[in-house]
Amino acid sequence: MKRPVIIDMDLTCDDVAALEIAAKTNEIDIKAVTLVGSDAKQKTQYTKELCRQLNIDCKAATGALKPIFKDEFIQRDLYGRYAVNVNISGSSDGDSCNYPWDIIADEAEKAKGNLEIITLGPVTNVAITLLRYPKVKTLIKRIFVAAGAGYTGNVAPYSEYNAYCDPDALQIIFDSGIPVTLFPLEAADYFSKDIKGCIPYSAAAMTAFGNLQTVCTKDYYVVCETRKGENQGWTIVDRLGKYKKKPNISVVTATD
């Protein structure tokens, strides 16, 4: 039986690569692709056409245009946007009028506790879902989060872009009680060590998600710095147990 999955992303070019990988992964059944950020209509049309070209029959919708508590997503283009030449002349009707949090809640209900979510961008849509539909927490099997950095960040010394954009949303997910697997920035390096060049972050995350049997994880207590400042978005992984708290997150530490 295929794993029912929702992919939540902000549609950078590495997200497009990840979606192509997902389309070729036989183990997962993509129920929806949900999006964050600006250009809602364009993103929805683009994603629906891309899914059509990849033979993915699923819903697509854009939701959060800004972080939960902060003013706006930072405009830091690390990987490029709309990098694939896709004709987006198609209609934006149908499920594009729904919001991601409604779609996630509905698909979680249908999946009866088996729904998995993989996030490839700021996790605002998922956090809003948990706030609007608290009961959905018992219906989500796993959230696989590509965010954070256990060592070195890419927008600040210790902060990765997705975590930095909406740290409050990430902390809401950490506190949800839902099983969370964190794929930190450095985890992409594990997939790149045996090839020439590197695998884009979201593509590496999707590869790991689609092949969980190859991923090594370790449970840690993890917290995200939500305060505005130099350390915003820092995902603090308590490897030495200094906080004396029970582990709450499975962190990808290596691959087989």
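Modeller: Angles under 35 degrees count as roughly parallel, over 145 as roughly antiparallel, 65 to 115 as roughly perpendicular, and the rest as oblique. The model discussed here is a predicted one.

Biologist: How are α4 and α6 oriented to each other?

Modeller: The axes of α4, residues 124-132, and α6, residues 167-174, come within 8 Å and cross at roughly 55°. Angles under 35 degrees would be roughly parallel, and 65 to 115 roughly perpendicular. The crossing angle of roughly 55° therefore makes the two helices oblique.

Biologist: What is the handedness of the crossing of α4 and α6?

Modeller: The angle of the crossing is roughly 55°. As for its hand, α4 passes α6 in a crossing that is left-handed.

Biologist: How many residues of the contact between α4 and α6 are nonpolar, polar and charged?

Modeller: On the α4 side, the contact holds Thr124, Val126, Ala127, Leu130 and Leu131. On the α6 side, Ala169, Ile172 and Ile173 take part. Sorted by kind, these residues are seven nonpolar, one polar and no charged.

Biologist: Is Asp168 buried or exposed, and which residues does Asp168 contact?

Modeller: Asp168 sits in helix α6. Buried means under 20% relative accessible area, and Asp168 has 14%, so Asp168 is buried. Beyond its neighbours within four places in sequence, the contacts of Asp168 are Phe69, Lys70 and Thr226.

Biologist: Where is Asp39, and what is its phi?

Modeller: Asp39 belongs to the loop between β2 (28-35) and α2 (40-53). Its relative accessible area is 43%, which makes Asp39 partly exposed. Most residues other than glycine have a negative phi. Asp39 has a positive one, near 55°.

Biologist: Is Lys112 buried or exposed?

Modeller: Lys112 lies in the loop between α3 (100-111) and β4 (115-119). Its phi is positive, near 55°. The cut-off for exposed is over 50%; Lys112 has a relative accessibility of 69%, so Lys112 is exposed.

Biologist: How many disulfides does the structure hold?

Modeller: A disulfide is a covalent bond between the sulfur atoms of two cysteines. Cys13 is partly exposed at 25% relative accessible area, whereas Cys165 is buried at 2%. The number of disulfides in the structure is zero.

Technical notes:
Residues numbered from 1 in each chain as written. Predicted model: local features only at pLDDT ≥ 70, side-chain atom pairs only at ≥ 80, totals over all residues. Heavy atoms only, no water. Disulfide = S-S within 2.5 Å. Buried < 20%, exposed > 50% of the residue type's maximum accessible area, 1.4 Å probe, protein only. Axes fitted to C-alpha atoms, helices over the stretch in contact; angles between N-to-C directions. Helix = DSSP H or I, 4+ residues; strand = E, 2+ residues; numbered from the N terminus. Left-handed = near helix turned anticlockwise from the far one by under 90°. Contact = heavy atoms within 4.5 Å. Nonpolar A, V, L, I, M, F, W, Y, C, P; charged D, E, K, R; others polar.
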